Structures are given as C-alpha cells and as structure tokens.
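Thanks, everyone, for making the time this morning.

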Amino acid sequence: MRIIALDVHRSFAQTAILENGKLRDAGKIDLEYSRLLRFARKLKPDDEIVIEATGNTSAIVRALLPFVGRVVIANPILVRAIAWAKVKTDKIDAAVLAKLHASGFLPEVWLPDEETEARRRVVAERTQLVSQMTRLKNRIQSVLHANLIPPYKGVLFSQRGRAWLQAQPLAEDQRRVIVRHAGELDRLGAELAEVDKSLAQAALEEPGSNAS
C-alpha cells in the first residue's frame, strides 16, 4: 500500500509518496479537472490519499476516490499544531501529511455527501444575501441620520415606509442614493425569497418530515 499525500494550493498540489517506509517527492499536479483525472488513472486500488481540508478539497476527493482504496481528509489547524516546523515548504508539508497518516496521528475531518454540501452552499448564499441587504439598509439609515431625519417609527422598508422615505427633504444626490439602495434591496429580496423557497422545499422532502 502506498500513502500519497497532497499539499493543495489554488492551482496545483505538491505530492509525496510513502511506500515501504521510504518517502519520496512525487512532484506537482495541476489542479485542472482533466489533468487531475490523468493523475488519478495512474493510482492503484489500494493506495491511500491524504489531503488537507481546503476550499477545493471536495472536488479533488470526488475525482480521486473511485481510483483508490481510501481518501483521508486532514484538519489543517490540528496538523499544524501537531507538526509545527520552523522551515515550511510545499514538499515538507506533503511529507508531514504522509508521515502523520502512516503513524496514525493524522487528525481527520468528515467530508459531507454531495446533498449536504449543496444544502450548505444554499445556506451560505442566503447568509450572503441577508448580509448584503443589512448593509444596504444601514446605508439608507446613515443618509437619514446625516440629514437629521428622525428614525421612522414603523417598518421603514414596508410600502408605507417607502412612501415616507420619498417624502423626506433630501438633496437630489442623497435621494438618488436611497432610491438606488432601495432598488437593490428589492432585487436581493426577490433572490432571498427564491432561496428560502428552495430551502423550504428541501426541508419538506427530507425523510421523516411531516409533510403530507
């Protein structure tokens, strides 16, 4: 059995192979899908791949998994805590991963299935939309504050609140800012509604849900 460790970067991975107690540098792999598959086809069914959890880990794991016996995902923070070194290079990092796995000290993390990953992406998208909308609302409030306009006592971004906004005595450039931000709020709100709809539908389709 070989242990093949990948020190992953944005566009390449440095590899190290541990076989029969001997560690060797195996060069770099371009992390472009077709080239990664070319590398995968050279692997053996009993090989074990070791890779740290990064932004593109899931895609790499799913490309390599059909060709090897196992893919192990390491917790990068714990790896650094265990194997701290003054000198750090890509080759050293790959070698550390291989050695830790061989010795049984590699801190592993769980890789979610594709459905869970997709759900996480949708939730992350929703969080971003809400964050963007909050920033826009704060900017509108800051324009009102800068012009000594007291806060609206109802829901500012309701239909009545929008009418109240339109009636405020503002300079033309300030009014344009509010109109632009309000328009962007409407657009993001429509996107948020679609995301919420997809999340609700997914929840209803969950096994064990009470949906009829």
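Let me start with a question: is Asp47 buried or exposed? Before I answer, a word of caution about the source: this is a predicted model, in which local features need pLDDT of at least 70 and side-chain atom pairs count only at pLDDT 80 or more, while totals for chains, interfaces and linings use all residues. Residues are numbered from 1 along each chain as its sequence is written, and side-chain values use heavy atoms, with hydrogens and water left out.

Now the answer: Asp47 is buried, because its relative accessible area is 0%, where buried means under 20% relative accessible area, exposed means over 50%, and partly exposed lies in between, using a 1.4 Å probe and protein chains only. Asp47 sits in the loop that runs between helix H1 (33-40) and strand E4 (48-52); helices (H or I, at least four residues) and strands (E, at least two) are DSSP runs, numbered from the N terminus. If we leave aside neighbours within four places in sequence, Asp47 is in contact, meaning heavy atoms within 4.5 Å, with Arg2, Ile4, Val68, Gly69 and Arg70.

His101 belongs to helix H4 (residues 90-103), and at 11% relative accessibility His101 counts as buried.

Ala59, by contrast, is exposed, with a relative accessible area of 53%, and its place is in helix H2 (residues 57-64). The C-alpha atoms of Ala59 and Lys28, which are 31 residues apart along the chain, are separated by 17 Å.

That brings me to helix packing. Two packed helices are described by the angle between their axes and by the distance between the axes. Here the axes are lines fitted to C-alpha atoms, for helices over the stretch in contact, and angles run from 0 to 180 degrees between N-to-C directions.

For H1 and H2, the axes come within 9 Å and cross at roughly 45°, and the two helices are therefore oblique to each other; the scheme takes angles under 35 degrees as roughly parallel, over 145 as roughly antiparallel, 65 to 115 as roughly perpendicular and the rest as oblique. Which residues make this contact? From H1 they are Tyr33, Leu36, Leu37, Phe39 and Ala40, and from H2 they are Ile60, Ala63 and Leu64. By class, these divide into 8 nonpolar, no polar and no charged residues, where Ala, Val, Leu, Ile, Met, Phe, Trp, Tyr, Cys and Pro count as nonpolar, Asp, Glu, Lys and Arg as charged, and the others, Gly among them, as polar.

Helix H5 (residues 114-146) packs against H7 at an angle of about 155°, with the axes 9 Å apart, which means that H5 is roughly antiparallel to H7. That contact has 18 nonpolar, 5 polar and 8 charged residues.

Finally, the axes of helix H6 (residues 159-166) and helix H7 (residues 172-204) come within 11 Å and cross at roughly 160°, so H6 and H7 are roughly antiparallel to each other. Arg162, Leu165 and Gln166 of H6 meet Arg175, Ile178, Val179, Ala182, Leu185 and Asp186 of H7, and by class this contact holds 5 nonpolar, 1 polar and 3 charged residues.
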